[in-house]
Amino acid sequence: MELNRRTVLTATAFTAAAAVFPIPNIARAAAPFAQPKLPFGEGDLAPVISAKTVGLHYGKHHKAYFDKLNTLSTGTKYADMDLEAIVVESAKSDADADKKIFNNAAQAWNHVAYWDQFVPGGPNRPQGELATTINETFGDYDGFIKRAVDISDTVFGTGWVWLTSDDAGKLALIGYEDGKNPIAVGRPAYLGIDIWEHAYYVDYENRKPEHIRAVLDKLVNWRSVEERMAA
């Protein structure tokens, strides 16, 4: 796979060497919304995430969000939007029907981004100027992992930890409850860690910190993160 130089448009305005890597296909849907295929085999993330967990997580939970979104969006303005637009638009409304649309659209979007960031073959550590920025922000990569674990403890119940930017425009890890995500509040979504129990309980039981550490230590393809920053 040939490498090229691309500008990584983060709030801290650094550049990084990024491979030509597919941008997550989270905005390529229109009603009826189709769940994208996994970009790897169900057993390819083992032993960090088992084939059983991937099968249940993708085949049951993720699929259900798409199925429910198709039911809820029929005959509404959302049927003509792509998935990302639905998340952004429905997040603006307090109407119960729109909240249901948001919950399912956001979780459908979140999970596509989640699976795509684990495509095998890229570096499992930040490189170049991205590594420098991670180290400056979190101390080092271990500090980044520790911060992700700490942020997960601020999320009550189900939710996600996202690498995004904060109000000052600096790289940050932020926790969101349930299906909420950065794009719903106008922030970029670079990397997401699912901390709903269905993401880890089969493999880790109640050891959520162990799951987060293993995912960040062994599974993330940082080329995909760089590509999201460059998009």
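The structure is a predicted model. Helix H1 spans residues 51–73 and bends by about 30° at Lys63. The count of cavities of 30 Å³ or more comes to one, and H1 and H3 are the elements that give two or more residues to its lining.

**Helix H1**

- H1 has 23 residues, and the distance from its first C-alpha to its last is 31 Å, close to the 33 Å expected at 1.5 Å a residue.
- The bend of H1, about 30°, is located at Lys63.
- The buried residues of H1 begin with Thr53, Val54, Gly55, His57 and Tyr58, and continue with His62, Tyr65, Phe66, Leu69, Asn70 and Ser73.
- After H1 comes Gly75, which has a positive phi, near 80°.

**The cavity**

- One cavity reaches 30 Å³ or more, and the largest cavity holds about 40 Å³ of space.
- Its lining consists of Pro36, Lys37, Pro39, Tyr58, His62, Val112, Trp115 and Asp116.
- H1 and H3 are the elements that give two or more residues to this lining, and H3 gives the most, with three.
- Sorted by class, the lining of the largest cavity has five nonpolar residues, one polar residue and two charged residues.
- Tyr58 and His62, both in the cavity lining, are also among the buried residues of H1.

**Asp116**

- Asp116 belongs to helix H3 and is one of the residues that line the largest cavity.
- Asp116 counts as buried because its relative accessibility is 12%, under the 20% cut-off.
- The C-alpha atom of Asp116 is separated by 8.8 Å from that of Asn221, although the two residues are 105 residues apart along the chain.

**The second largest pocket**

- The second largest pocket has a volume of about 160 Å³.
- Ser90, Ala91, Ser93, Asp94, Lys99, Phe102, Asn103 and Lys180 form its lining.
- H3 gives the most to this lining, with three residues; H3 also gives the most to the lining of the largest cavity.

- Most residues other than glycine have a negative phi, and most peptide bonds are trans.
- The peptide bond from Ala46 to Pro47 is cis, with omega near 5°; Pro47 lies in the loop between strand E2 (15–19) and H1.
- Asp178 has a positive phi, near 55°, and is not a glycine.
- Asp178 is placed in the loop between strand E4 (171–177) and E5.
- With a relative accessible area of 38%, Asp178 is partly exposed.
- Glu205 is also a residue with positive phi that is not a glycine, the value being about 50°.
- Glu205 is placed in the loop between H6 and helix H7 (208–218).
- At 47% relative accessibility, Glu205 counts as partly exposed.

How values were computed:
Residues are numbered from 1 along each chain as its sequence is written. This is a predicted model: local features need pLDDT of at least 70, side-chain atom pairs count only at pLDDT 80 or more; totals for chains, interfaces and linings use all residues. Side-chain values use heavy atoms; hydrogens and water are left out. Helices (H or I, at least four residues) and strands (E, at least two) are DSSP runs, numbered from the N terminus. The expected span of a helix is 1.5 Å times one less than its number of residues. The bend at a residue is the angle between axes fitted to the seven residues ending there and the seven starting there. Buried means under 20% relative accessible area, exposed over 50%, partly exposed in between (1.4 Å probe, protein chains only). On a 1 Å grid over the protein atoms alone, a cavity is a set of points where a 1.4 Å probe fits but cannot get out, and a pocket is an open set with protein on both sides within 12 Å along at least five of seven lines; lining residues have an atom within 4 Å of a point. Grid points are joined across faces, edges and corners, and a volume is the space filled by probe spheres set on the points. Ala, Val, Leu, Ile, Met, Phe, Trp, Tyr, Cys and Pro count as nonpolar, Asp, Glu, Lys and Arg as charged, and the others, Gly among them, as polar.
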